[in-house]
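Please keep the sequence and the structure at hand while reading.

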Amino acid sequence: MTTTEIQLPQSSPQIASQIAPQNTIRDGRVEADHLDLLESHSIFILREVAAETERPVLLFSGGKDSAVLLHLAVKAFWPAKLPFPVLHIDTGHNFQDVIAFRDDLISSLGERLIVASVQRSIDDGRVADPGEGSSRNRLQTTTLLDAVRDHRFDAAIGGARRDEDKARAKERVLSFRNAFGQWDPKAQRPELWQLYHGHVNPGEHLRAFPLSDWTELDIWRYIRREAISLPEIYFSHERDVIERDGMLLALSEWVTPRRGERVERMNVRFRTVGDATCTGAVRSNAVTVEEIIEEIATSRISERGATRADDRFSETSMEDRKREGYF
Amino acid sequence: MPAAAPTTHPGPPPAGLAHSDLLRFAAVGSVDDGKSTLIGRLLFDTRQLFDDQVDALAAAAERRGLGEIDLSFVTDGLRAERSQGITIDVAYRYAATPRRKFVIADCPGHLQYTRNMATGASTADLALVVVDASRGLSEQTRRHICIAALLGVTQIVVAANKMDLVGWEYEPFERLSEELSDLAQRLGIQSSWVVPVSALHGDNVVGSSKNAPWYVGPTILELLESLPAGEWARVHGSHRGSAARLPVQWVLRDPRGGRSYAGMVNGGPFRKGDRVVVLPAGLETAIQSIDTFDGPIDVAPVGKSVSLELTDHIDVSRGDLISSLDDPADVTNLIDATLCWFRDVPLRPGERLRIKHTTRLTPAVVETVSHRFDVNTLELRPVDHLSNNEIGTVSVRTADPLAVDSYRHDRITGSFILIDDATNSTVAAGMIGTPGIDRSQLNPN
């Protein structure tokens with residue numbers, strides 16, 4: 001087993017970053033309606049997945065999308081507890097703030113957290129360590145598929161959005177994975193109206209994406225409206241970074257300057273949260289949700305383009321990873 | 001010179017609609033007529049693409065030795081799509097102009113991927129039909145328009161594409177307009193528009209073109225920004241007065257005691273205190289409270305996910321329909337339906353499948369296969385089977401009784417899918433009763 005069930009204290013410690021929304025007034029009726037529809041549809045999907053599958057699990061990375069996903073799941077099943085556990089695929093290359101956020105949030109909700117460790121997969125010889133300072137992003141696939149197999153999960157609910165990437169734009173809300181965990185983009189199930197069909201044979205599983213129709217801006221507007229807490233690294237802070245391949249990587253035990261590279265201290269924030277070795281920071285002075293919304297609305301660079309080195313290998317990086325069983 | 005834009009819709013498009021902030025549209029039409037290029041052009045010219053995405057397109061073009069950016073790559077993101085230059089599955093894109101938000105489903109044109117086209121069109125307010133003006137209306141394009149109409153899409157915008165290849169002559173455009181006007185009318189499509197464009201060069205897509213001085217109508221974008229949005233939601237039941245519906249998804253048990261029935265409101269609204277009937281059992285009760293995480297509400301509007309507490313302790317489970325008592329859904333074991341068939345092996349009477357209707361899954365047997373819909377002549381022809389990608393009329397007997405409405409009245413309680421037991425594949429999309437098409441316009445045979 002590469003997974004550990006984490007015993008969290010039942011007390012309710014302070015959530016790492018309490019974000020008071022700067023402005024709780026909605027942008028106007030039009031936007032409120034749009035967010036209401038997105039929320040309602042996502043809740044519908046979460047309830048369908050829980051009902052149609054035997055052993056679902058909710059994937060949680062500590063990032064903004066999974067924070068929104070978890071918030072929606074709590075809303076969907078309130079006043080009852082979640083009918084599924086929460087699973088974190090831990091690359092071991094974490095921002096400390098994010099792990100503290102994860103533990104505080106899940107324990108305050110009183111939900112069940114399972115952590116599947118990429119380090120354990122490496123120690124067990126399931127995957128080869130790519131070496132000091134290299135990204136473990138791709139290795140997560142093995143750890144995820146092992147966790148799905150060990151726990152006999154038949155549905156993994158994730159926070160991916162179609163606006164993130166051109167391969168994701170092609171994927172169904174309920175996306176079938178064969179016994180090898182593979183996605184076959186040429187043979188997806190038709191998905192008409194709101195008829196989500198979640199049945200699979202033993203060994204196969206589904207990925208479910210309740211946030212499919214949300215954009216990055218929708219996510220942030222919803223975070224503002226619902227006052228959802230996030231790890232502090234999403235907000236501008238001073239940090240030592242190294243510029244590498246056009247990206248600003250945070251100085252850490254895994255990322256140290258190579259020959260010719262310089263450590264600089266600047267105001268940055270993270271637009272996505274992933275493996276610390278391949279997730280870039282962006283220069284930013286945005287310290288509130290309001291300022292972040294303004295920043296994103298005027299940005300000329302896409303979310304993944306700004307922050308993910310792993311998507312730069314080839315023009316179909318995401319598709320290739322997804323075919324192997326990636327998120 | 002004629003303006004020739006509206007074919008069945010008189011006057012200019014309605015402007016300044018109050019609740020028109022989001023338009024869902026599907027780009028449909030035959031392979032190689034230029035759907036993906038048109039969507040790429042639309043997104044490029046309205047500056048929806050990020051700088052790094054444009055850079056990636058340029059790099060992809062350079063790698064293939066193309067002179068300039070291939071706009072179809074904006075939505076054709078899969079390796080196989082780019083190498084073959086085709087669209088295999090629907091790509092969803094999200095765009096916003098100062099006037100409105102868009103959800104775009106770029107659908108594949110190939111016959112073998114018709115199921116994916118139906119997926120994209122099933123939730124659309126409008127179909128953007130792309131036709132190669134140099135080749136005219138193909139059978140596959142007619143099939144797409146028919147499926148869109150059957151699915152209840154009431155408005156189409158036709159891009160008469162590749163006008164540059166016919167020298168921007170008026171005659172080919174006029175021929176196409178007349179053919180489309182006739183088709184739209186016979187299919188009961190309320191609003192159809194034809195615009196002469198070149199997706200490759202951008203004429204009449206976002207900005208108007210000088211190449212067709214005889215055309216004085218709106219561009220594609222102008223139509224997309226002004227035609228009614230929210231039609232899908234409007235048609236599927238929000239204006240049906242008392243005919244409230246809520247298919248039960250899940251029974252929520254309050255740890256402090258009590259239970260409520262979770263689902264999304266469809267038709268309605270429901271009000272606290274309303275008398276309702278739980279179908280198919282037919283048990284009458286009333287709504288004690290309407291609950292949400294954010295607190296109880298008095299009125300549950302269409303499209304909202306809520307949970308309902310009922311005044312009586314009755315047996316309610318997933319798959320049941322909580323329905324307005326004044327105008328309840330019909331309870332039946334035998335449904336007549338229009339079907340799009342999506343499996344290589346033909347459908348014949350006697351086939352056993354599973355049906356998913358709202359939130360209920362139950363065994364079903366197809367008792368009769370009576371007619372096939374001919375997309376060329378729009379005639380219903382008697383048949384004994386339906387082949388892959390064909391549309392026809394069938395009757396289905398279900399193990400559990402279902403609480404249904406006709407698709408024409410309610411797209412949620414009026415639709416279903418059929419599932420193959422062995423493979424779990426979705427093999428058909430079904431619409432209950434007479435679909436959105438006006439049968440009097442057809443030629444029953």
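A salt bridge here is a side-chain nitrogen of Lys or Arg within 4 Å of a carboxyl oxygen of Asp or Glu. The model is a predicted one. By that rule, 7 salt bridges cross the interface of chain A and chain B, and the count over all chains comes to 48. In general terms, side chains of opposite charge can pair when their charged atoms come close.

| Residue in chain B | Residue in chain A | N to O distance |
|---|---|---|
| Arg318(B) | Glu52(A) | 3.2 Å |
| Arg24(B) | Asp213(A) | 3.7 Å |

Both distances fall under the rule because the cut-off is 4 Å. In the salt bridge between Arg318(B) and Glu52(A), the chain B partner sits in the loop between strand 14 (305–310) and strand 15 (321–324), while Glu52(A) belongs to helix 1 of chain A.

**The interface**

On the side of chain A that touches chain B, at least two residues each come from helix 1 (29–52), helix 2 (64–77), helix 6 (216–226) and helix 9 (317–324). Helix 1 of chain A gives the most, with 12 residues. Sorted by class, this side of chain A has 23 nonpolar, 14 polar and 20 charged residues.

In total, 57 residues of chain A and 78 residues of chain B take part in the contact. The size of an interface is often given as the accessible area lost when the parts come together. For chain A and chain B the buried area is about 5,800 Å², with 55% of it on carbon and sulfur atoms.

**The second largest pocket**

Which residues lie nearest the centre of the second largest pocket? They are Gly34(B), Thr37(B), Asp70(B), Ser72(B) and Leu200(B), out of a lining of 29 residues. The volume of this pocket is about 540 Å³. Helix 1 (residues 35–45) of chain B supplies the largest share of the lining, 5 residues. The lining divides into 9 nonpolar, 11 polar and 9 charged residues.

**Backbone geometry**

Trp78(A) and Pro79(A) are joined by a cis peptide bond, with omega about 5°. Pro79(A) is placed in the loop between helix 2 and strand 3 (86–90) of chain A. In chain B, a cis peptide bond links Leu279(B) to Pro280(B), and its omega is about 10°. Pro280(B) lies in the loop between strand 11 (275–279) and strand 12 (283–291) of chain B.

Trp193(A) has a phi near 50°, which is a positive value in a residue other than glycine. Trp193(A) is part of the loop between strand 6 (174–177) and strand 7 (205–208) of chain A.

Technical notes. Residues are numbered from 1 along each chain as its sequence is written. Chains are lettered from A and ligands numbered from 1 in the order in which they are written. This is a predicted model: local features need pLDDT of at least 70, side-chain atom pairs count only at pLDDT 80 or more; totals for chains, interfaces and linings use all residues. Side-chain values use heavy atoms; hydrogens and water are left out. Contact means heavy atoms within 4.5 Å. Buried area is the accessible area (1.4 Å probe) that two parts lose on being put together, summed over both. Helices (H or I, at least four residues) and strands (E, at least two) are DSSP runs, numbered from the N terminus. Ala, Val, Leu, Ile, Met, Phe, Trp, Tyr, Cys and Pro count as nonpolar, Asp, Glu, Lys and Arg as charged, and the others, Gly among them, as polar. On a 1 Å grid over the protein atoms alone, a cavity is a set of points where a 1.4 Å probe fits but cannot get out, and a pocket is an open set with protein on both sides within 12 Å along at least five of seven lines; lining residues have an atom within 4 Å of a point. Grid points are joined across faces, edges and corners, and a volume is the space filled by probe spheres set on the points.
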